[in-house]
Amino acid sequence: MRSGSVAAISCKDGPVAVTGCSGFTGGHLVRELVTHGYDVRACLRDSGSWRGQDCIRYLEGLPNVEIFDGCDLFLPGSYNDAFKDCSGVFHAAAVLGNSADGKSQPRGSGEVQEDVYEGGLSGTQNVIDAVNASGSVKRLIYTSSTAAVRPNVGDQSVPDGYEWTEMDWASDGGNKNFGAYARSKVDAEQLVNKAAEESEHWDVVTLNPAMICGPILFKAQVGQWIEQIGRLASGKKPNFPDPYDRFYDIIDVRDLVRAQLLAAESNIDHKKSSGGARYILAGTGGYSTMCLGTDITRIIRSEFPDFVVGQPETTTSESEPIRSPKTVHDCKKAKELLGVTIRPIQQTIHDVIESQIELGVIQPTKK
């Protein structure tokens, strides 16, 4: 977008579209937007799938939501109708490893790493093309990841205490852990930035969240990381990606979607800020790289003292202790420029478990 232009939106400017509404962030985004007066176009890939049906049952209970079916990252033009006459687009859809199984993405190749990357890159290009075709969209809010900011959490190349900022960009650097997801996020960010620069009609603001956590609104939102917390709260061991201990770097989904709304409505020139138009959302409550088997289980026991709490193995599959550099995140830029507030991690973990109990996803065992 032309230098000095600002494309802030408001609920008075017309409808907004949200991609990936059957997912965790997308579903919460729809809720956040309608409670702030927006008319929302909810984009789903397959309303006939169990995830689509579960999502629709929830969305039908919200006001001012119109569902658009058949919005597929792998299908050019599939977002055009949904984006027509919209003032803003919140692009939260992504292909994750557990959804690239050869069945969940019928237009994908069936090869996990290829579909994760192409869903991120080609899918984002399809979103950009639909934004351009709309002629009405003023701002795109893109959901990236801290995977585009820093190397894999187990990487040993950074010192303890290093503070990641929006100036940092991940690269493989010979790191074998730099997989398709991280590459897709780096490349997709650069893709949307270039497209926005070339457009005279819209700009882009990117949010870089860590592991997105928080209460689920419907069962289809149970993802791999939320599931592990629920398993521990019900007295079981983790089962993904293995039964061993892991480090989490959490952001509450409610804080993330509020930040996305604030970014959409902000009339500052995001591009002129340090690191450009991107905002790290990580380090909930000032915590970073929390260990599942110690930090998070300690919170579960404190919040639910009558529950039997599961315990992951303390070593990796190679029988060596996991170590992660104690790097720092505190959403400083988002707090300063967007006015973001971050809730305590104890509340996030409590609400993750409580929502799974309420929806019958888990059944805790009492001591």
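At 49% relative accessibility, D85 counts as partly exposed, and this residue makes a handy way into the structure. D85 sits in the loop between helix 3 (80–83) and strand 4 (88–91), where its phi is positive, about 70 degrees, although it is not a glycine. The model you are looking at is predicted, with a mean pLDDT of 86 for the protein. Here is a friendly tour of what else the coordinates show.

**Confidence**

- In this protein, 83% of the residues reach a pLDDT of 70 or more.
- One stretch to treat with care is residues 97–102, over which pLDDT stays under 50.
- For that stretch, the model has eleven contacts beyond four places in sequence.
- Where pLDDT is low, predicted coordinates should not be read in detail.

**Overall make-up**

- The secondary structure comes to ten helices and eleven strands.
- The protein has 367 residues, and buried ones make up 53% of them.
- Among contacts with a separation of 6 or more, 79% are between residues 24 or more positions apart.
- The accessible surface comes to about 15500 Å², and carbon and sulfur atoms account for 47% of that area.

**Another positive phi**

- N64 also is not a glycine, yet has a positive phi, in this case about 60 degrees.
- You will find N64 in the loop between helix 2 (50–59) and strand 3 (65–68).
- With a relative accessible area of 46%, N64 is partly exposed.

**Cysteines**

- The count of disulfides comes to zero.
- C55 is in no disulfide: the nearest cysteine sulfur belongs to C21 and is 6.0 Å away, and a disulfide would need the two sulfur atoms within 2.5 Å.
- C55 is buried, with a relative accessible area of 0%.
- C291 counts as buried too, at 11% relative accessibility.

**Salt bridges between separate parts of the chain**

- The model contains 15 salt bridges.
- One of them joins the side chains of E66 and R41, at 3.7 Å from N to O.
- This pair links distant parts of the chain, with E66 in strand 3 and R41 in strand 2 (residues 40–43), 25 residues apart.

**Salt bridges within a helix and in a network**

- D295 pairs with R298 in a salt bridge whose closest N and O atoms are 3.5 Å apart.
- R298 is exposed, with a relative accessible area of 51%.
- A network of salt bridges links D252, R254, D255, R343 and D351.

Notes:
Residues numbered from 1 in each chain as written. Predicted model: local features only at pLDDT ≥ 70, side-chain atom pairs only at ≥ 80, totals over all residues. Heavy atoms only, no water. pLDDT = per-residue confidence, 0-100. Contact = heavy atoms within 4.5 Å. Helix = DSSP H or I, 4+ residues; strand = E, 2+ residues; numbered from the N terminus. Buried < 20%, exposed > 50% of the residue type's maximum accessible area, 1.4 Å probe, protein only. Areas by Shrake-Rupley, 256 points an atom, 1.4 Å probe, with all protein chains shown as cover. Salt bridge = Lys/Arg side-chain N within 4 Å of Asp/Glu carboxyl O.
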